[in-house]
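Biologist: I'd like to learn how to read charged pairs and helix packing in a model. Could you walk me through one?

Modeller: Gladly; let's look at it together.

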Amino acid sequence: MVPDHLDGADVLVKDFIYYTPTEVVFGRSAEEHVAELVRKHGGHKILVHYGGGSAKRSGLLDKVCGQLSEAGIPFVTLGGVVPNPRLSLVHEGIELCRREGIDLILAIGGGSAIDSSKAIAYGVPYPGDVWDFFCGEAKPAAALPVGCVVTNPASGSEMSDSCVITNEETMDKRGYSSPLGRCRFAVSNPERTFTLPPYQTAAGVTDIMMHTMERYFSNDMDMDLTEALAEALLRTLKASALRALANPEDYQARTQIMWGGSLAHNGLTECGMQRDWACHKMEHELSAMFDVTHGAGLSALWPTWARYVYKSNVDRFVRFAVRVMGIPAGAPEETALRGIEAMEQFYREIGMPVNTTELLGRPLTDSEIEEMARRCSHDGSITVGNLRVLTRQDMVQIYKNSRA
């Protein structure tokens, strides 16, 4: 018998599809399994794709390549991935894969290396320009398989269907999502994050939390289990960030952050919820124009966005304040605003900026604001956000308000 509160038209929970096929190998010495995972997922000749010097300095790159050699798996390498990964390197990787007959791409690094690998994977079998996918002009019919060794938990790209690439010629930063882009396997050893600088740790936690907050701040208030999972993740990440910053080799704290990064962006915390993504889309314009760290850009925008939109759903902000930030329940608007202030204080505590002037070291100019709003709104032809739908003029006002 169906309970009365679940009967008929009163049911408001949205239908959803949850698809997370990535095989995760997690824990100490997880990277010892790389060669067997490559074999398991069909890799016969692979591209090892990585970023700057940290993969080399830590010895991880040599260790992984050594395992591949011992297993008799041919490979070629392509380094040089930078934060806000560039389209030009994606083009270079596509040509390299075609020339070498690559059949699997292994990313070593954080979200930038993984996103760049996904874009290369889309581009190899596609006869046109891979940028077509990011512009919405085409959809991939196939992609090379991608695996990854995660060294910087932040983007959640190891378990998500999305990637973000910057076209440095046009200063456009755009994302694309497809089930074809999901990593076949992800290797995550929290010990590999012990040497992350404090700023990168804090920016990574900010990004992780925002991946859940972009789903949590929804007008759907009927999926209690999903909301509770999101709240638990946010509380855990807050506490773990402070512990990891106080003691970088706190294995338990690093474990929560690394696993939290995967869970925050694999779709779990959006089941039955409507996503927002306004802050992410507006931040993409900041990091495209100024090449700032993504997590720092998010913390610089979120308090302003929250104060701009909270009246659209005061109850949601009250729940956040009470259940995530630990604010005693009081008058709804006052409680909602105290929750926003508490989140802002948390950003300060972990060393993140809380406005764009702190982020850039100077105020945004009016012309910069107008240009970012123009790009984000595609010349006023689209809106962003769902908790409150934002027009181009709303974006201008939020960017302006974020200066203080």
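Biologist: Let me start with one side chain: is Arg307 buried, partly exposed or exposed?

Modeller: Keep in mind that this is a predicted model. Relative accessibility is what to read here, and at 35% Arg307 counts as partly exposed.

Biologist: Which side chain does Arg307 meet in a salt bridge?

Modeller: The general idea is that side chains of opposite charge can pair when their charged atoms come close. In this case, the side chain of Arg307 meets that of Glu344, at 3.1 Å from N to O. Glu344 counts as buried, at 17% relative accessibility.

Biologist: Where do Arg215 and Glu270 lie?

Modeller: These two side chains also form a salt bridge, with an N to O distance of 2.6 Å. Arg215 is in helix H7 (residues 198–216), while Glu270 is in the loop between helix H9 (251–264) and helix H10 (278–290), so the pair ties together parts 55 residues apart in sequence. Arg215 is buried, with a relative accessible area of 2%, whereas Glu270 is partly exposed at 22%.

Biologist: What is the N to O distance for Glu100 and Lys45?

Modeller: For that salt bridge it is 2.8 Å. Glu100 sits in helix H4 (residues 87–100) and Lys45 in the loop between helix H1 (34–40) and strand S2 (46–50), so this pair ties together parts 55 residues apart in sequence. Glu100 counts as partly exposed at 27% relative accessibility, and Lys45 counts as partly exposed at 23%.

Biologist: How many salt bridges are there, and which residues are linked in a network?

Modeller: The count comes to 25 salt bridges. A network of them links Asp224, Glu227, Glu231, Arg316, Arg319 and Arg323.

Biologist: Now for helix packing: at what angle do H7 and H11 pack?

Modeller: To read a helix pair, look at the angle and the axis separation. Here the angle is about 60° and the axes are 7 Å apart. That makes H7 oblique to H11, and H7 passes H11 in a left-handed crossing.

Biologist: Which residues make the contact?

Modeller: From H7 come Tyr199, Ala203, Thr206, Asp207, Met210 and Met213, and from H11 come His294, Gly295, Ala296, Leu298, Ser299 and Trp302. The residues of this contact divide into 7 nonpolar, 4 polar and 1 charged.

Conventions. Residues are numbered from 1 along each chain as its sequence is written. This is a predicted model: local features need pLDDT of at least 70, side-chain atom pairs count only at pLDDT 80 or more; totals for chains, interfaces and linings use all residues. Side-chain values use heavy atoms; hydrogens and water are left out. A salt bridge is a side-chain nitrogen of Lys or Arg within 4 Å of a carboxyl oxygen of Asp or Glu. Helices (H or I, at least four residues) and strands (E, at least two) are DSSP runs, numbered from the N terminus. Buried means under 20% relative accessible area, exposed over 50%, partly exposed in between (1.4 Å probe, protein chains only). Axes are lines fitted to C-alpha atoms, for helices over the stretch in contact, and angles run from 0 to 180 degrees between N-to-C directions. Angles under 35 degrees count as roughly parallel, over 145 as roughly antiparallel, 65 to 115 as roughly perpendicular and the rest as oblique. A crossing is left-handed if the near helix is turned anticlockwise from the far one by less than a right angle, and right-handed if clockwise. Contact means heavy atoms within 4.5 Å. Ala, Val, Leu, Ile, Met, Phe, Trp, Tyr, Cys and Pro count as nonpolar, Asp, Glu, Lys and Arg as charged, and the others, Gly among them, as polar.
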